Amino acid sequence: MFEFIRNHQRLMQFLLLLLILPSFVLVGVSSYNSRSGGNDGVATVDGKTITQQEWESAQRRQLDQARQMMGERFDQKLFDTPEAKQAVLDQLVAERAINAEIVRNHLTVTDAALQKAILEIQAFRKDDGTFDMDRYKAALAAQGMTPEMFDQRMRHDLAVQQLVGSVQQTAFAPRAVANRLSDINDEEREVQEIQFPAAAYVSQVKVTDDMIKAYYDKNAAQFQVPESVKAEYVVFDASAVEKQVNVSDAEVADAYNKNKARFTTPEKRTASHILINVKKGASAAEDAAAKAKAQAVLDEVRKNPNDFAKIAKAQSQDPGSAELGGDLGVVQKGVFVKPVEDAIYGLKEGEVSGLVRSEFGYHIIKVTKVVPETQKSLEDAKPEIVAELKKAKMSAKYSELAETFTNTVYEQADSLKPVADKLGLTIQTVDGLTRTPNPALGNSPVNNEKFLKAIFSNDALTNKRNTEAVEVAPSTLVAGRVVQFKPATKRPLAEVEGVIRQRVTQEEAAKLARQAGEAKLAAAKAGDTAGFGDTRTVSRTKQPPINETAAIAVLKADTSKLPAYVGVEIPGQGYGVYRIVKVGQPAQPDVARRKQEAEQIGRAVGNAETFGFVEALKHKAKAKINVKAADLGAKSE
């Protein structure tokens, strides 16, 4: 079990992507409440409809998230299957059922819990571990979210964690079960081996012409040369659109003047402070005492202005900044209480304020650095503006030109020259295209299943007409035309006779090795143990000292009676006979690994119980999927 998880990480990643969609796919509580009923959706949950559009949108979001997570390892084919699409719909249904339960039970998240959760998000922290307001705002802006929208999403996610986590986090696997599984995983088997290599029997093999002919006839597919085409093609993509889009200096200047604020870097201030606390509801005497202490600290600062950080560490009662020498970092307007903010913006660089009273007590403030506002010149901003204007124009122009491309290759289907001339495209040639993608062509736009299907269509092959415009990638269209077709052929026997002779020799030698091995296996079971090699230890947790195929067979063998024997045909090598003489546990168990395995088992139990819980919620919400898996091509139970 543990080896399967380790050795199939890509499959596990895919399963996790299907089971745990990113949080922004989740439908918020307020959104859930606003849904209206209906009978035209792909599913209904708690009387509310999931529309076709919502389903397709969730599929797109899943693709975007997977692309970001997996980078170069992303393979869209994994997500284009009916099963994957059905899984997204199942997930939406589960989410709606969970949302319905949250609403039904009035689950809420306090402001304090929400604030704590946001402050603990690692992406919003500086290297020193403190909260970075700039990163927080930039991250939200990148997703097109306001703080209020982000708070709402976080509240919902935390509520889901409360509901689902109450099941998952309380699940456990009995220690006896975990120990038994780890014992199986740790088991060691001492084994002796006799090998019968096929190579040792090659000299005994006599290959006849009839054997070669029989192999040739039986394995005709091995010698088949698939049908292929030589084709011309044109590619329409962003680069083709860019050639037809220009941005004038007047447009650049107009965009600059209308958006000067974008190219203005506001003044940036960093500040430090020392705080002497005054508790809420303090008496006049307590306030006066705090003020006197603050004044004494201020006097010390004025005597030794360069020791501000040292004095702050010793005297400040602000736990968040005292250890940092009073450093407040870059000041953001609206973050600090107004008296403090006013004081910060009223000081020059290096200046120290007088006593500043706020609701928290008395502050002594020093502005440590002021970076003046700067304005990027038109010349400096021009490349950025040109790129943005060109991108906007290209976006609008693409649809227009894509339609022209599609219509032209269809309406003037006898040649690709008209569309190439009209859109400034280059006609390219490729030879040796087959019905399936060729690894040697890599990411070529013609090495695409959709395009290959089109180029091998009856209209393209028989009538020599242009293919339709095929979208082989986002914003990339390809049209092709068959120049030459080569039908499938079979390589003549004389051409492949040498290859066949070698293969038949290997097969016959392997048969002789197996016969000798099986004879030895029968003799060993009868008591003839001569010829076995030294004892070696085989286990599931270490690289096997024998062939891996043989090791798997040894670990599967019935050892209820020892010695036990197993014969194994080893592909490409021959035959092996193995004598298992001892079964036991390692002298020094790997405690850390066994602990990890127990945790894995516990998580598996938790996932199973969570699945059952969600299924119960779906039943409670009377969830119903209105599209059939069979209609999508998915396997139905």
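**Close-up 1. Lysine 464 sits in the loop that runs between helix α19 (458–462) and strand β13 (470–473).** In this predicted model, the phi angle of lysine 464 is near 55 degrees, which is a positive value in a residue other than glycine. Most residues other than glycine have a negative phi, and most peptide bonds are trans.

**Close-up 2. Lysine 622 is placed in the loop between α22 and β19 (624–625).** The phi angle of lysine 622 is near 55 degrees, again a positive value in a residue that is not glycine.

**Close-up 3. A cis peptide bond leads from leucine 562 to proline 563.** The omega angle of this bond is near -5 degrees, and proline 563 belongs to the loop between α21 (548–556) and β17. Strand β17 covers residues 564–570 and also holds glutamate 569, a residue that returns in the next view as the salt-bridge partner of arginine 514.

**Close-up 4. Arginine 514 and glutamate 569 form a salt bridge in which the closest N and O atoms are 3.4 Å apart.** Arginine 514 lies in helix α20 (residues 493–525) and glutamate 569 in strand β17 (residues 564–570), so that the pair ties together parts that are 55 residues apart in sequence. Arginine 514 counts as partly exposed at 25% relative accessibility, and glutamate 569 likewise counts as partly exposed, at 44%.

**Close-up 5. Lysine 376 and glutamate 384 are joined by a salt bridge, with 3.7 Å between the closest N and O atoms.** Side chains of opposite charge can pair when their charged atoms come close. Lysine 376 is partly exposed, with a relative accessible area of 34%, and glutamate 384 also counts as partly exposed, with a relative accessibility of 33%.

**Close-up 6. Aspartate 186 meets arginine 593 in a salt bridge between their side chains, at 2.6 Å from N to O.** Because aspartate 186 lies in helix α9 and arginine 593 in helix α22 (residues 591–620), the pair ties together parts that are 407 residues apart in sequence. Aspartate 186 is buried, with a relative accessible area of 2%, and arginine 593 counts as buried too, at 17% relative accessibility; each value is under the 20% limit that defines a buried residue.

**Close-up 7. Salt bridges that share partners link Asp183, Asp186, Asp590, Arg593, Arg594 and Glu597 into one network.** Among the members of this network, aspartate 590 is located in the loop between β18 (574–584) and α22, and with 37% relative accessibility it counts as partly exposed. The C-alpha atom of aspartate 590 is separated by 59 Å from that of proline 305, a residue 285 positions away along the chain.

**Close-up 8. Val177, Leu181 and Ile184 make a nonpolar surface patch of about 200 Å².** Valine 177 has its place in helix α9 (residues 175–186), the helix in which aspartate 186 also lies. The relative accessibility of valine 177 is 41%, and the residue therefore counts as partly exposed.

**Close-up 9. The second largest pocket has a volume of about 1,200 Å³.** Of the 35 residues that line this pocket, Phe131, Met133, Leu328, Val335 and Phe336 are the closest to its centre. The elements that contribute two or more residues to the lining are α6 (111–119), α7 (133–142), α8 (147–168), β7 (268–277) and β8 (327–330). Helix α6 supplies the largest share of the lining, namely five residues. Sorted by class, the lining of the second largest pocket holds 17 nonpolar, ten polar and eight charged residues.

Technical notes. Residues numbered from 1 in each chain as written. Predicted model: local features only at pLDDT ≥ 70, side-chain atom pairs only at ≥ 80, totals over all residues. Heavy atoms only, no water. Patch = residues over 30% accessible without salt bridge, like charges linked within 9 Å, V, L, I, M, F, W, Y side chains within 5 Å. Areas by Shrake-Rupley, 256 points an atom, 1.4 Å probe, with all protein chains shown as cover. Salt bridge = Lys/Arg side-chain N within 4 Å of Asp/Glu carboxyl O. Helix = DSSP H or I, 4+ residues; strand = E, 2+ residues; numbered from the N terminus. Buried < 20%, exposed > 50% of the residue type's maximum accessible area, 1.4 Å probe, protein only. 1 Å grid on protein atoms, 1.4 Å probe; cavity = no way out; pocket = protein on both sides within 12 Å on 5 of 7 lines; lining within 4 Å. Points joined across faces, edges and corners; volume = space filled by probe spheres on them. Nonpolar A, V, L, I, M, F, W, Y, C, P; charged D, E, K, R; others polar.
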